[in-house]
Amino acid sequence: MDKIKIKNLEVFANHGVFPEETKLGQKFLVSCVLYLDTRKAGKTDSLEASVNYGTICQLITEQMKKNTFQLIEAVAEQLAEEILKFDEKIRQVDVEIQKPWAPVGLPLDTVSVAIRRKWHEAYIAVGSNMGEKRKYIETALEGLRQTEGCRVEKVSQLIVTEPYGGVEQDVFLNGALKISTLLTPSELLSRLHELEQEAGRKRLIHWGPRTLDLDILLYDDEIIEDDTLCIPHADMQNRQFVLAPMAEIAPYKRHPLYGKTMTEMLADLEKANTDILP
């Protein structure tokens with residue numbers, strides 16, 4: 001991506017651990033790098049096709065003065081989020097907050113915190129086979145749209161599918177969606193669990209009936225395996241009700257482990273199911 005750089009913007013603000021810092025205030029230096037595509041702006045010479053760095057400087061100054069934090073880590077985090085939400089063209093941002101003459105009781109020039117934050121691409125499987133299935137899914141979608149730091153980009157059609165896992169139960173409505181999010185994988189998982197709980201989800205029977213099921217399928221191209229989270233979803237390659245919606249909204253998205261597109265994985269699964277028929 002292309003970059004717009006802002007270096008050492010001076011802001012007088014009230015951040016710090018000590019009372020005199022928050023009361024009297026002090027000078028901070030803010031630098032940031034905006035990552036975006038400037039090709040259209042370069043070809044058209046139109047400010048609307050780019051991001052106005054003057055406006056970003058004003059945003060930084062206003063946010064620095066508006067809030068009071070103990071830690072410059074918190075200042076950097078809040079600034080990065082506000083900048084990323086300001087304009088959809090900004091896909092990633094580096095933020096550095098310098099605190100000259102920090103009160104540590106020793107001679108030093110400056111202390112700084114530097115972070116990088118970005119919009120992440122995530123794919124989520126949705127399903128329901130109890131009660132008003134479509135309403136549960138639509139309510140969850142609206143909940144995601146209202147979630148701070150989440151943008152719903154694409155939603156597949158909902159398809160009727162047979163239950164998976166051998167438990168006798170009603171048919172499912174299944175689909176998939178693509179979101180852009182500022183949330184980490186664990187934060188996103190927690191939010192999905194909140195939406196499931198709001199829908200009255202009860203985790204009583206493995207692969208059993210549920211009012212709402214929300215699973216993270218992919219998160220960027222990351223591979224995560226821990227006690228609470230497995231990305232890519234461990235069994236998505238065996239689930240036609242996952243691959244069919246994914247092939248609709250992201251046909252050429254490749255699985256980070258298998259290297260195959262969603263369309264290729266769906267074709268492989270359909271062929272395997274055909275081959276085992278008597």
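This is a predicted model: local features need pLDDT of at least 70, side-chain atom pairs count only at pLDDT 80 or more; totals for chains, interfaces and linings use all residues.
Arg191 has its place in helix H6, which covers residues 185-198. Leaving aside residues up to four places away in sequence, Arg191 touches Gly143, Thr147, Leu183 and Glu198.

## The second largest pocket

Helix H6 also takes part in a pocket, as H6, helix H4 (72-86) and strand S4 (110-118) each supply at least two residues of the lining of the second largest pocket. Rolling a probe the size of a water molecule over the atoms shows where empty space is left. The volume of the second largest pocket is about 320 Å³.

The lining of the second largest pocket is made up of 16 residues, and those that lie nearest its centre are Glu77, Arg117, Leu182, Leu183 and Glu187. Leu183, one of these residues, is also among the residues that Arg191 touches.

## The four-stranded sheet

Strand S4 belongs to an open sheet of 4 strands, which are arranged in the order S1-S2-S3-S4 with antiparallel pairing. The edge strands of this sheet are S1 and S4, each of which pairs on one side only. On average, and with direction ignored, neighbouring strands of the sheet are turned by 15° against each other. In general, strands of a sheet pair through backbone hydrogen bonds, either parallel or antiparallel.

Within the sheet, strand S3 (residues 92-100) is joined to S4 by 9 bridges, and the two strands run antiparallel. Two partners can be named here: Asp94 has Arg116 in S4 as its bridge partner, while Val93 has Arg117 in S4 as its bridge partner. Arg117 is also one of the residues nearest the centre of the second largest pocket. On the side of S2, the pairing of S2 with S3 is antiparallel and extends over 7 bridges, and the bridge partner of Val30 is Ile97 in S3.

## Helices across the sheet

Two helices that lie across strands of the sheet can be followed in turn. Helix H3 (residues 53-66) lies across S1 and strand S2 (26-36), and runs at about 35° to S1. Helix H4, which supplies residues to the lining of the second largest pocket, lies across S2, S3 and S4 and runs at about 145° to S3. Strand S3 is mostly covered, with 8 of its 9 residues buried.

Most residues other than glycine have a negative phi, and most peptide bonds are trans. Against this background, Asn8 has a phi near 55°, which is a positive value in a residue other than glycine. Asn8 lies in strand S1 (residues 2-13), and with a relative accessibility of 34% Asn8 counts as partly exposed.

Asp220 likewise has a positive phi, near 50°, but the place of Asp220 is in the loop between strand S9 (213-219) and strand S10 (224-225). With a relative accessibility of 17%, Asp220 counts as buried. A further point concerns the peptide bond from Ile231 to Pro232, which is cis, with omega near 0°. Pro232 has its place in the loop between strand S11 (230-231) and helix H7 (240-249).

Terms used:
Residues are numbered from 1 along each chain as its sequence is written. Side-chain values use heavy atoms; hydrogens and water are left out. Contact means heavy atoms within 4.5 Å. On a 1 Å grid over the protein atoms alone, a cavity is a set of points where a 1.4 Å probe fits but cannot get out, and a pocket is an open set with protein on both sides within 12 Å along at least five of seven lines; lining residues have an atom within 4 Å of a point. Grid points are joined across faces, edges and corners, and a volume is the space filled by probe spheres set on the points. Buried means under 20% relative accessible area, exposed over 50%, partly exposed in between (1.4 Å probe, protein chains only). Two strands pair if DSSP finds at least two bridges between them. Axes are lines fitted to C-alpha atoms, for helices over the stretch in contact, and angles run from 0 to 180 degrees between N-to-C directions.
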